[in-house]
Amino acid sequence: MCFFFNFISNCITQKPHRVPAPEQPVLCIFGTGDFGRSLGQRLLQSGYRVVYGSRRPHSCGPLPPGTQATSHEAAAQFAKLVFLCIHRENYDFLETLAPQLKGKVLVDVSNNLKKNLYPEANAEYLQRLIPGAHVVKAFNTLSAWALQNGPSDANRQVYLCGNSAEAKQSVAEIAAKLGFTVLDRGSLSAARELEDFPLQLFPEWRLPLRLAVGLTAFFFFYEVIRGIVYTYVDQKKDNSFRIMVSIANKVFPIVSLIMLALCYLPGIIAAFLQLYRGTKYKSGRFPDWLDQWMLCRKQLGLLALAFASLHVLYTLIIPIRYYVRYRISASTISKITENKTSVFDTTSAWRGDSYYSMGILGFGFYILLGISSLPSVSNALSWREFSFIQSKLGYLTLLFCTLHTYLYGWDRFLYPSTYKWYTPTGYMLSLIVPTVVLVLKLLLMLPCLDRTLTRIRRGWEKSSSENAIEKALLT
Amino acid sequence: MCFFFNFISNCITQKPHRVPAPEQPVLCIFGTGDFGRSLGQRLLQSGYRVVYGSRRPHSCGPLPPGTQATSHEAAAQFAKLVFLCIHRENYDFLETLAPQLKGKVLVDVSNNLKKNLYPEANAEYLQRLIPGAHVVKAFNTLSAWALQNGPSDANRQVYLCGNSAEAKQSVAEIAAKLGFTVLDRGSLSAARELEDFPLQLFPEWRLPLRLAVGLTAFFFFYEVIRGIVYTYVDQKKDNSFRIMVSIANKVFPIVSLIMLALCYLPGIIAAFLQLYRGTKYKSGRFPDWLDQWMLCRKQLGLLALAFASLHVLYTLIIPIRYYVRYRISASTISKITENKTSVFDTTSAWRGDSYYSMGILGFGFYILLGISSLPSVSNALSWREFSFIQSKLGYLTLLFCTLHTYLYGWDRFLYPSTYKWYTPTGYMLSLIVPTVVLVLKLLLMLPCLDRTLTRIRRGWEKSSSENAIEKALLT
Amino acid sequence: MCFFFNFISNCITQKPHRVPAPEQPVLCIFGTGDFGRSLGQRLLQSGYRVVYGSRRPHSCGPLPPGTQATSHEAAAQFAKLVFLCIHRENYDFLETLAPQLKGKVLVDVSNNLKKNLYPEANAEYLQRLIPGAHVVKAFNTLSAWALQNGPSDANRQVYLCGNSAEAKQSVAEIAAKLGFTVLDRGSLSAARELEDFPLQLFPEWRLPLRLAVGLTAFFFFYEVIRGIVYTYVDQKKDNSFRIMVSIANKVFPIVSLIMLALCYLPGIIAAFLQLYRGTKYKSGRFPDWLDQWMLCRKQLGLLALAFASLHVLYTLIIPIRYYVRYRISASTISKITENKTSVFDTTSAWRGDSYYSMGILGFGFYILLGISSLPSVSNALSWREFSFIQSKLGYLTLLFCTLHTYLYGWDRFLYPSTYKWYTPTGYMLSLIVPTVVLVLKLLLMLPCLDRTLTRIRRGWEKSSSENAIEKALLT
């Protein structure tokens, strides 16, 4: 499941003999590693002529056909623009090339293995080494693989920064010709930020993941105390095996339901904020914490879906568990030996079947929400379709899952034995947020509130009307 | 699960200081809402200079860095092309700008909240307000989000229409530079059609959804009458709790199987039509209803998959249902009390296990069909690979699911008690279409018919041979 | 689930009246089939003027609005470049057009129905027919559908080959303007290779599929012999019904676990090779078989996931099987009649629940790996994120699944009755490869080995240090 060796194989099977027009400018690449070769091949395909600079031009391994390798000095003199595909640790030899590199554009594509490994950014260090050159930081967020295969959805953007506007323009032109979208991030002082980009590990997942871990830990200990410690203290019975499946299958649905509800809570808070303020623009924007929360709703939802899926699997293996089979067999035996006859209870059948049905339908819609948030699927939807699925179907999912939990509880809240050590059960705690969200959403669906909100969102202002035009912008 | 607030955050974190070449033309944007700002930023990134027109140029909120806001009058005089990112309700103030806008290209990007809200299209209304300007309807199918993030699979196309070919050409050039594919839809009278585009809600899903709802409703009532009403009338027993799971789990697989078969029926009808007519081109095309049907096969198949998934989940929860546990326990107890010994029946074991195996394999292939119709997966397949999966694997899926249903029925059709009130069971009805499809497909696979069909599809004509060349076009 | 008829419907509903600038060159298309019409429409949208050559210009069916059809002779004289959208079988009539086609660029887009149908490639045959023209093979890997909808992820590349560099350049320019990425494959002798491309059927899946079929067949017969033949010989009992579910559900997890481990084995072999050689580049590259193996890891993993999913479904239906219900009921009855009381065994409960829990968590991560290898998802990940999921999570999945299997076995390996006919059980065989992989991976994670490997991968050489710079290329 890895593309690491694509380059080598492509190199062998594709043999591109691109014939560039002679008037195309020559670009120079220092370094003949994977990235350098991929970049060279891509430049070649886009019509540039490419020359490699290498300390050992005759033994630097396979290069893209149509390119040559010479010494660093010769290559540098050849071209106005040099790509540096070398590790930062080897930059020092460049100092000797300072005369040849003077006035040239140096494109620093390097990355580091860790954040804050060096006191200054690679590109700034390079600029200090060769003050006469125009250093531009660019292309470092791309992998050799992305270069090989051409820009695709998420690999379309090339960030660049540098002190010379002209140098940046020339790099931007090359990037555009290679099919990338260019985003200028300002002067070379932004280089550190750009070098940290590829080291990010799911930044937008951090908050939702922490929340998920926190909720799971809390409810796990809560259920262990109520389900295992209590039983042990009360009846001196060792129930600890329940941790693996029974307790897990209580924690997962609880966390899932709370996180699903937390997806929809910020939208409702925002709506009430807007209603209270009377305008969308009055104090400019939502508070930061709300913005932050809104931005991670997709991740919250997908994590909730993962927990729900685990809940489904844990539920479906119930009947093949040793414990369950033992208990069912024991109950059948006890019925016979004690000669009791249990009467079929239609209410129990109705309740149980409704409970399962709500759960399955809720999970079905859940899966639908998950599928529609796959990049290729959400791209294929119109804005109205996407918001229909995520909003209407989302609330329907929440409704089904909440009903599923209420049906699970049924009349259990009436019995004192439920409140072990005076604590409510986990499922009761899990119902708080979704119930609040659903009630508030129902309130917002009242015609009067709904109308006011729509007007506010379209730019209507409570007090002034003279600046109505400015406010009535498309959103 | 919403991208609504992406713009604000991007705006804050990205700070693009793009340095446009000075010779780039100036474009004007009226309106500083989300759409206007996203459009401005994107234009800026593509090298244009942008000026905003605003009634309050000094307090219009955060604009993309590198742009300025002036009065509407000044902005309009500046640029030859003006984007109107204002709601239709506020168009009237433009009348006062008629002199400044004379001869300019006005790009109307507006949409309405509902269809048929106004007697004429927004763009036509705008043209009537400022007859001297060249109004072009464009970009309205894009969201601010699509503009922000650049064109991706489904957001690549920009539709435009207008009365001036020159004005359209200049807008098309901008769209192309922004990375979009332009589709010209003719004169301004097409504006209404374009304005209705973003209001569409799954138009291609409508027919399959209606069919699914219709089939579900029919079989639900059919099964309720046979399973609950009949039992009540016949034995005075209240079975109503069966609605939630038992009846649902009969209806879902029935609907799923019929809809899967309906995916493949039009292809077979088309093949027989071609065989009958002897040529693909004789009377031009297939009848409209067949074209319509063929176009919604993907949606039919995905809905069938959804129903099949529900069937799987409803089946897997069977052993944890109260009703099922009660019955199993009761049957064990009755065996003991009546001292009966049941003998293990190998045929039943074979039949049952084959039945489940067929179902699982059929569902596995079903899932594979579903995955291969995800946009990003089907894009990665060659034409031959895609048609292999959708056709060969599709028929295999249908075969497995049909066998699964036959094994479910087994010899039940022989017993008179099956035909309550002289009606066949639901599963028998569900077998009609798939059986017909599979038999006809087998017929089409006979060498003689297969050869003829291949020849017809490659352009061979029964009667004439002089125009063979024209007919032998690549398909 | 087919896009076959998209063209017709698009043609009817879209009516693009593109107004091309008059200075655009005229291109000629011979053939008015689906491909010819799609190509024409796309060229039109990109600003070219298009003329069709047809033997019956007045009755050749619906053409894209804005194009005309004339005779082949007239059309050929019109344009410098002719697209041939005709089947090879009809090429012979072109000989009569040799004078008009002299010096023109002929683009051969044709494909064959089978490999090796003709002694020479279509494009070479065409060149032989009209020696005066410059034949370029191109666009044949695209479908009419890809042309219609514009380039997307996997349909972005256009391969071309031909003997005239100039002719290739002009075709490459058109392809680039249509939004495609051009890959030049050399002279016309590469045409055969290009014509074979669209006929490929999952070439990268072939090896993994063969492996899966081989493993499945081996373990199936192995389990049939141990589970059914042995029982029949030993106890004269017919267990054959177990083939459908019980045996299948032993074979699937075994094959899945082995194939998952085989995904990670080549990476480990490569690491030890690098450690042994002391440098990544010493002898150039990895041996071919290792490269081959590495390239099909994604497919191995996805097949392993498919087998794991079947295992999950087969496991979940266990409690509804006739055989299982019969056995449970029989065991309950025998307990009562023999008046035995079985004591609840906490160790069994712990073991069983841990076994299921490991399995479910392993399967959850498995699914995650599968989702992250969907093209649109993996495109949205940064390189570090992708390798985190595929490597870290991948080993975690392997660990969970291996533990799941060990817990399944538990102390069974101690009992002589396990070794029927002195053979080990299937699950023991399945544990060999994953255990080896996990132990070796643990070894590689030892700080000393890990450090050395990192240094080697960053270009450090054991012996020489003078050429350290050249080796220290970005990878």
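Which residue forms a salt bridge with R128(C)? The partner is E120(C), with the closest N and O atoms 2.4 Å apart. A salt bridge here is a side-chain nitrogen of Lys or Arg within 4 Å of a carboxyl oxygen of Asp or Glu. R128(C) is exposed, with a relative accessible area of 55%; buried means under 20% relative accessible area, exposed over 50%, and partly exposed in between, with a 1.4 Å probe and protein chains only.

Before I continue, a word on the source. This is a predicted model, in which local features need pLDDT of at least 70, side-chain atom pairs count only at pLDDT 80 or more, and totals for chains, interfaces and linings use all residues. Residues are numbered from 1 along each chain as its sequence is written, chains are lettered from A and ligands numbered from 1 in the order in which they are written, and side-chain values use heavy atoms, with hydrogens and water left out.

Let me stay with the charged pairs. Over all chains, the structure holds twelve salt bridges. One of them brings together the side chains of D353(C) and R321(A), at 2.7 Å from N to O. D353(C) belongs to helix α14 (residues 346–372) of chain C, while R321(A) sits in the loop between α12 (297–316) and α13 (322–337) of chain A, so this pair joins two chains. Helices (H or I, at least four residues) and strands (E, at least two) are DSSP runs, numbered from the N terminus. D353(C) counts as buried at 1% relative accessibility, and R321(A) is buried as well, at 3%.

In chain B, D108(B) forms a salt bridge with K137(B), where the closest N and O atoms are 2.8 Å apart. This pair links distant parts of the chain, 29 residues apart: D108(B) lies in strand β5 (residues 105–108) and K137(B) in strand β6 (residues 134–138). Both D108(B) and K137(B) are buried. In chain A, a network of salt bridges links D108(A), K137(A) and E195(A).

I turn now to the strands of chain A. From strand β5 (residues 105–108), V105(A) and V107(A) point one way and L106(A) and D108(A) the other, and all are buried. In a regular strand the side chains alternate between the two faces of the sheet. Strand β4 (residues 81–84) pairs with β5(A) in the parallel sense over four bridges; for pairing, DSSP must find at least two bridges between two strands. V82(A) stands opposite L106(A). β5(A) also runs parallel to strand β6 (residues 134–138) of chain A, to which four bridges join it, and V105(A) stands opposite H134(A) there.

Next, two backbone points. Most residues other than glycine have a negative phi, and most peptide bonds are trans. W410(A), although not a glycine, has a positive phi of about 55 degrees. W410(A) lies in the loop between α16 (383–409) and α17 (426–444) of chain A and counts as partly exposed, at 41% relative accessibility. K236(B) is not a glycine either and has a positive phi of about 55 degrees. K236(B) lies in the loop between α9 (206–235) and α10 (248–277) of chain B, and counts as exposed at 62% relative accessibility.

Finally, a helix contact in chain C. W293(C), M294(C) and L295(C) in α11(C) meet R297(C), Q299(C) and L300(C) in α12(C), contact meaning heavy atoms within 4.5 Å.
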